[in-house]
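Please keep the sequence and the model in view while reading.

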Amino acid sequence: MSKAEDKAARTETRSTWLLSAPALVLLLFAASGPLIIMLVYSFLTPGKYGNVIWEFSPDAWIGTILSRDIFDGTYSLADAHLTIFWRSVQLSLLTTLFTFLVGFPTAWFIATRTARTRALLLFLITIPFWTNLLIRTIAINQIIRNEGLLNTALLSLGVIDEPLVIIYTNVAVFIGMTYVYLPLMVLPLFAAIDRFDMRLLEAAYDLYASRWQVLRRVILPIVKPGVIAGSILVFIPALGAYVTPRILGGGRNMMIGNFIELQFGQGRNWPLGAALSVLLLVIVTVALMFYVRAATRSDSNG
Amino acid sequence: MVYAIEARSTRKVYGSGSFAVTALDNVSIAIRKGEFFTLLGPSGCGKTTLLRMIAGFETPTSGQILLNGQDISTQPPNQRPINTVFQSYALFPHLSVRENVGFGLKMKGRPDAQIAGTVERVLSLVKLEAMADRKPQQLSGGQQQRVALARALAPEPEVLLLDEPLSALDLKLRKEMQVELKRLQLELGITFIFVTHDQEEALTMSDRIGVMSAGHLLQVGPPREIYNRPVNRFVADFIGETNFIPATIAGGVATVAGGARLAVATDAPTGDHTIAVRPEHVRIGAEGDGALPATVGESVYFGTDSHVHLTLADGTAIVARQQSDATGAGVLAEGSRVGVSFADGSVQVLED
């Protein structure tokens with residue numbers, strides 16, 4: 001490489017870095033900063049009034065899965081914590097699955113309309129984003145509560161004799177999350193289906209595939225990137241969901257998000273809250289790695 | 001005789017009321033087993049609609065489609081032993097060449113070992129063994145074309161439909177594939193139904209050609225017959241180049257402007273009609289002696305031959321194709337007066 005070329009390359013590298021600097025600085029402080037604080041706090045001792053005392057302690061980390069008996073000091077598995085974790089994972093997986101089952105036909109329908117109808121439908125899909133999540137969740141509450149719209153309607157129609165108890169159950173949280181996260185599934189699915197070459201459908205039908213086989217062998221493998229993106233976009237926020245379980249699940253059906261909030265609030269155990277946050281992050285990261293790897297592998301096997 | 005494919009007064013109308021468009025109007029056709037049959041016509045003539053009906057992607061508005069004498073009009077495509085090579089190839093981008101070719105057999109539920117064997121055999125037929133593990137995007141246009149062909153052949157269909165499969169290839173590759181396709185068809189003995197708007201492609205490959213226009217089937221016959229005995233002006237004009245000359249026909253003689261008399265078939269319709277003569281059948285000689293007087297216009301040199309533009313006495317423009325000679329001595333000067341005659345049996349009387 002000549003000297004001039006060398007210099008040009010160096011200048012280019014420098015300007016690349018300079019141009020990315022604002023983004024990098026923002027990322028460093030806005031993303032890594034809080035993470036590092038969380039990580040540090042998780043190894044400190046809780047203070048009496050909800051702050052931290054700068055004294056190393058592994059208690060918070062032990063406390064995430066074990067609970068210490070206050071009388072004899074023995075450790076046992078923290079059932080309550082595990083139940084909350086398990087409920088969160090279960091509800092998030094169910095939400096992801098259900099938003100996919102509802103979102104896929106929706107996205108397919110939109111993608112196969114004419115350009116004008118399609119623009120209108122996509123616009124309609126995004127409308128819920130205009131309203132505050134809290135208000136939308138309270139609206140769901142109004143619909144499914146014991147004296148709500150749903151029960152009133154079903155009772156007056158004589159379909160049921162006494163109100164369905166949905167509110168403050170896992171089902172209520174599930175309904176709420178499916179409603180809230182559905183657009184996040186539909187949009188990436190739409191983007192993937194929109195790129196799908198519909199002529200492949202005829203080719204598959206021509207080659208003796210049944211409708212189910214066309215879906216399973218041709219459509220799904222090809223729109224898989226959209227399925228993966230949608231699942232990630234739904235699963236991650238669902239796992240950390242806070243408002244929805246709070247309003248629709250009542251106090252009893254806590255999810256990780258609420259539990260963490262509790263530690264920073266009434267619980268006055270910031271290190272435990274911090275440790276739980278970091279743990280949540282690790283779970284999500286590991287789950288995603290496995291998911292993406294499994295998804296890409298099955299792709300190469302057809 | 002039981003035909004491989006038969007269409008009986010098949011109609012296809014899209015839309016309804018005043019928006020109805022007739023894509024196919026009462027087309028009846030019978031395609032023999034093991035035949036290389038070409039549907040030829042300009043775009044929008046209904047040839048693709050007919051092909052899609054045979055494949056099962058469209059159902060006839062009225063009429064029937066028969067396979068080996070059985071009515072299959074309402075059978076879905078995945079139940080017909082008929083496969084298609086699509087114009088866009090429509091290869092599955094997520095599957096390797098091997099998996100693409102094996103797709104049909106896999107959907108039919110054949111055991112893996114049998115699929116592997118057949119795929120291997122079909123891939124060697126189209127000379128793509130070395131590409132078996134690649135993805136379609138990694139192949140050239142010509143190779144993709146052959147994968148599409150192999151994929152349609154692998155399930156051993158009774159009829160293979162080819163929807164302008166060569167149109168995306170460059171000229172040289174197209175010529176190669178024409179030969180290749182013909183060879184495969186002879187080797188496998190499968191009925192091929194080939195759709196094209198390229199008349200040369202149709203003439204070189206087909207056993208028989210069906211010429212279509214505006215939803216109608218105009219003429220069916222072997223390439224020579226279609227070329228030499230076109231039934232009407234459209235067929236004569238669409239296939240090859242033709243000179244149209246107005247003439248009055250009576251008793252096997254056509255009289256053209258200027259009084260020249262030409263022999264035509266004795267059963268030709270009488271009255272004022274158009275006669276058609278191919279440029280290669282136009283002879284240029286000296287004036288007089290019953291020849292049509294003409295004035296030489298521009299000559300266009302094509303290498304093996306030249307197209308000589310001529311104007312007849314009544315102003316009708318015709319073209320003669322002249323073989324080139326090595327010296328260039330035969331070149332006619334523009335404006336010179338010559339006599340034009342036509343080769344024996346080359347004059348066709350057109351009914352419309």
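Helix H4 of chain A spans residues 115-126 and helix H7 of chain A residues 170-195; they pack at an angle of about 155 degrees, with their axes 10 Å apart. The axes are lines fitted to C-alpha atoms, for helices over the stretch in contact, and angles run from 0 to 180 degrees between N-to-C directions. Helices (H or I, at least four residues) and strands (E, at least two) are DSSP runs, numbered from the N terminus.

The model is predicted: local features need pLDDT of at least 70 and side-chain atom pairs count only at pLDDT 80 or more, whereas totals for chains, interfaces and linings use all residues. Residues are numbered from 1 along each chain as its sequence is written, chains are lettered from A and ligands numbered from 1 in the order in which they are written, and side-chain values use heavy atoms, with hydrogens and water left out.

From H4(A), Arg118(A), Leu122(A), Ile125(A) and Thr126(A) are in contact (heavy atoms within 4.5 Å) with Pro183(A), Val186(A), Leu187(A), Phe190(A) and Asp194(A) of H7(A). Six of these contact residues are nonpolar, one is polar and two are charged. Chain A has an average pLDDT (the predictor's confidence in each residue, from 0 to 100) of 88, and 97% of its residues score at least 70.

In chain B, helix H2 (residues 97-107) packs against helix H3 (residues 112-125) at an angle of about 125 degrees, their axes being 9 Å apart. H2(B) and H3(B) are therefore oblique to each other. H2(B) contributes Val97(B), Arg98(B), Val101(B), Gly102(B), Leu105(B) and Lys106(B) to the contact, while the residues from H3(B) include Ile115(B), Thr118(B) and Leu123(B).

Asn100(B) also belongs to helix H2 of chain B. At 0% relative accessibility, Asn100(B) counts as buried, the term for values under 20% relative accessible area, with exposed over 50% and partly exposed in between (1.4 Å probe, protein chains only). Beyond its neighbours within four places in sequence, Asn100(B) touches Leu91(B), Phe92(B), Leu95(B), Pro136(B), Val147(B) and Arg151(B).

Thr274(B) lies in strand E14 (residues 271-277) of chain B and is likewise buried, at 18% relative accessibility. Excluding residues up to four places away in sequence, its contacts include Arg233(B), Phe244(B) and Gln348(B).

Note on methods. Parallel < 35°, antiparallel > 145°, perpendicular 65-115°, else oblique. Nonpolar A, V, L, I, M, F, W, Y, C, P; charged D, E, K, R; others polar.
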